[in-house]
Amino acid sequence: MMAPLAGLRVVDLTHHVAGPYCTKLLAEYGAEVIKVERPGGGDPARRLGPFPGDVPHPEKSGLFAYLNGGKRSVTLNLKSEAGRQMLLELVHTADAVIENFAPRVLPGLGLGYEQLRAVRPNLVMASISNFGQSGPYRDWALTDLNALAYGGIMSITGDPDREPLMLPGRQAQYLAGLHAAVAVTGALYGTRLGLPGAYLDVAISEAVVSVIGETIVAYTYAGLVARRQGNRQMSAHPFTILPCRDGFVGVTVLTGQQWQAMAEMMGNPALLDERFATGPSRRRHADAVDALMSQWLMQHDAEAIFHSAQGRRIPFGKVSRPGDLPDDPQYQARGSFVRVEDPDLGPVRLFAGPVRIDGEPLPQRPAPRLGEDNAAVWGELGLGAGDLVPLWAQGII
Amino acid sequence: MAAQPLQGIRILDLSQLWAGPYCTRLLADLGAEVIKIEGPRNPDFTRGMPQFPGGEPGPDPWNRAGFFNDMNRDKLGLSLDLRHPAGQAVFRRLVAVSDVVVENYTPRVMATFGLEYPVLQALRPGLIMISIPGFGRSGPYRDYAALGATVEQVSGLSWVTGYPDKGPQRAGISYGDPIAALQAALAAIALLHRRAATGEGVHVDLSLCEGLTALIPEFILDAEWNGRHHGPQGNSHALMVPHGCFPCRGDDEWVTIACPDEAAWEGLCVAVNPAWQREPRFVDQRARWANREVLHRELSAWTAERTPGEVTQLLQVQGVAAAPVLRMDALLADPQLAERGLIQAIATPRAGVQRHRGRPWLCNGERGPAHRPGPTFGQHNRAVLQGLLGLSDGEIAELAAQGVISDRPL
């Protein structure tokens, strides 16, 4: 199958997580992504673990390997005039530019949208930033923690009687990268049909606000300001996570039929007490309900509980440990983890994403060594070894 | 009005709830025409979710539901019973003039309608179909019931979500849904690119569960490479310190603070306690990490005397990443959000003028063309059946008589 975005060239000025996740997705769909890294250390994400055996190495970052599969790498000092000119020449050959610097950085270097569009009239450019390219918070700092707090997700995650909780890892940045990928591929489709390019402004903060669920309209429609509910739902029970013998399970019951089936599965007629007849009434007696269910849960393992409940069409979930996923039968059946031959890591097993086409995941490839495509990419623009050696000496590449 | 990139693309949306609808809404945001198809006896679940104007369901609550309107703005509404042969026939005629089908039924359902991909592709050779089942269309969990909570648990995300001194905790939103929606929208657009080059269609199988697994790589790799199985992460970060959620003045008021680097730490000291800069216990990142509990306690004592807004202003000016935990009332009143225009007022047919989220990006500095409200049930039956497919008044009446279409849930 022809790769969907084959033939499209993306100049990737991004670093860390949000921008690189966007361009990783473009690379998975077959775009040629040329990652432009700063000379010396390259993308700071090369310094982020995990590393095999906890031995740091610029070409062995697990996070970097995952986020940058399938990209090419050049190095370029954008603060130098020579570097700036080389970037403009590269952009001239490209369909899209993606960047996630703080808003004033690229314009300050004479590399804003207007300057880049001047060398590539139909350019699609996406800037991913904390709060967007405008507004009173434009220059504010923001990490994933802050984005989830500002964007409303933390106000409804966690226990009512203690601090709100973030989602683990880098979720706000992934949300921004995903939204940017949708907007960029959309705008690029437009250029295929003869539409002009576009400048896309994606804010990490807005990506978070965009994925609040019904909580936001509960306020705008009905004036309800939702509060944290802990591991329970406000209106019905059970909709929770509870310990079991060897771990944890998601205990979710939506209908009376499922409740009956669960009571039967647990072999405990006390669960059929009329106090527990409906979701709301079970919510009022949630502690008592949990205590009864726990008697059975603590005598069974997560895997068995999961299949037993699902076999009765009750939507329980086993709480999988991330490290166990490669050995999970569902993930194995779908070929979800694939081996990629990395020049420094060796054969490394990477998660291949949620998409299957004809039963196959999108192709997974190794991340690039820092600057490994300098000769090829700059050579295409007419620079030979005689040019690259002095550029290297001066720190331009 | 400027042309939109997906103008002229027609999408048939059979999905319900959040993942499929947010996917197709994103495609509508790029200009695609989306026909949302609901069964007369199977309206979208979100039409029944209790976010009604002023809390009042009204005489037709299914046309006044906030989350339905939020996820389904800019779509045409067609009622159609796909379990009925006449409904299937109409659907086949729609497929022949459409580009993309999005569905999130459990895997066998489309086949029971006689509408699996090979049948549809024969009607429309370049058809792109996106299926978004909970666990995917294959594998031992294929037919398992997969709510957002279920897939969050199986995906690995729940294991690392929660307070470190407790067990796994559920996220406050059904996070798997919008993630799958974004992945699905991207897949649809990428495959439209391919179709433009090759003319070929394709059936995409996108697992909601795996969409979340894709977002925890560091936890999977640290387990595999170093045997470390991280548990609930709380609000801490592997490297940054301080990094957490701190109590403020007021009822249940909190602020988040993070120092990504030495410069931010210096800024924090200037704002909170310059003496910290001279203390050996905080001299560098390693020392601060070792002493993070006491550092967080001392920082809490400072934040507790101030509102989240005051803390945020005082710290941001020093280059520290700080932001309040905003509840919905404060979020909707936030000046940055207002300036950027993410929230838009839309005149809905049956729920009055309501605020909804607009496009999640600016294009050329603009939030984009005005939005149309989410459809009432079957609102565009006639426009689609007659205007698009050319059915006669008699044929439409016959479908209504058979309950294959309806202007209200049956």
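1. Start with B:E200 and B:R194: in this predicted model, their side chains meet in a salt bridge, 3.0 Å from N to O. The two partners sit in unlike surroundings. B:R194 counts as buried, at 2% relative accessibility, while B:E200 is partly exposed at 42%.

2. Next, have a look at B:R327, which pairs with B:E253 in a salt bridge whose closest N and O atoms are 2.9 Å apart.

3. Over all chains, the structure holds 64 salt bridges.

4. B:E103 bridges to B:R137, with the closest N and O atoms 4.0 Å apart. B:E103 belongs to strand β4, whereas B:R137 sits 34 residues away in the loop between β5 and α6. This time the glutamate is buried, at 2%, and B:R137 is partly exposed, at 26%.

5. B:E103 also turns up among the contacts of B:I130, alongside B:V100, B:V101, B:V102, B:A184, B:A187, B:A188 and B:V204, leaving aside neighbours within four places in sequence. B:I130 is one of the residues touching the most other members of the largest nonpolar core, which has 144 residues; A:L26, A:I128 and B:Y175 are also among them. A second, separate core has 29 residues, including B:I37, B:L82, B:V109 and B:V404.

Terms used
Residues are numbered from 1 along each chain as its sequence is written. Chains are lettered from A and ligands numbered from 1 in the order in which they are written. This is a predicted model: local features need pLDDT of at least 70, side-chain atom pairs count only at pLDDT 80 or more; totals for chains, interfaces and linings use all residues. Side-chain values use heavy atoms; hydrogens and water are left out. A nonpolar core is a set of buried Ala, Val, Leu, Ile, Met, Phe, Trp, Tyr and Cys residues joined through side-chain atoms within 4.5 Å. Buried means under 20% relative accessible area, exposed over 50%, partly exposed in between (1.4 Å probe, protein chains only). Contact means heavy atoms within 4.5 Å. Helices (H or I, at least four residues) and strands (E, at least two) are DSSP runs, numbered from the N terminus.
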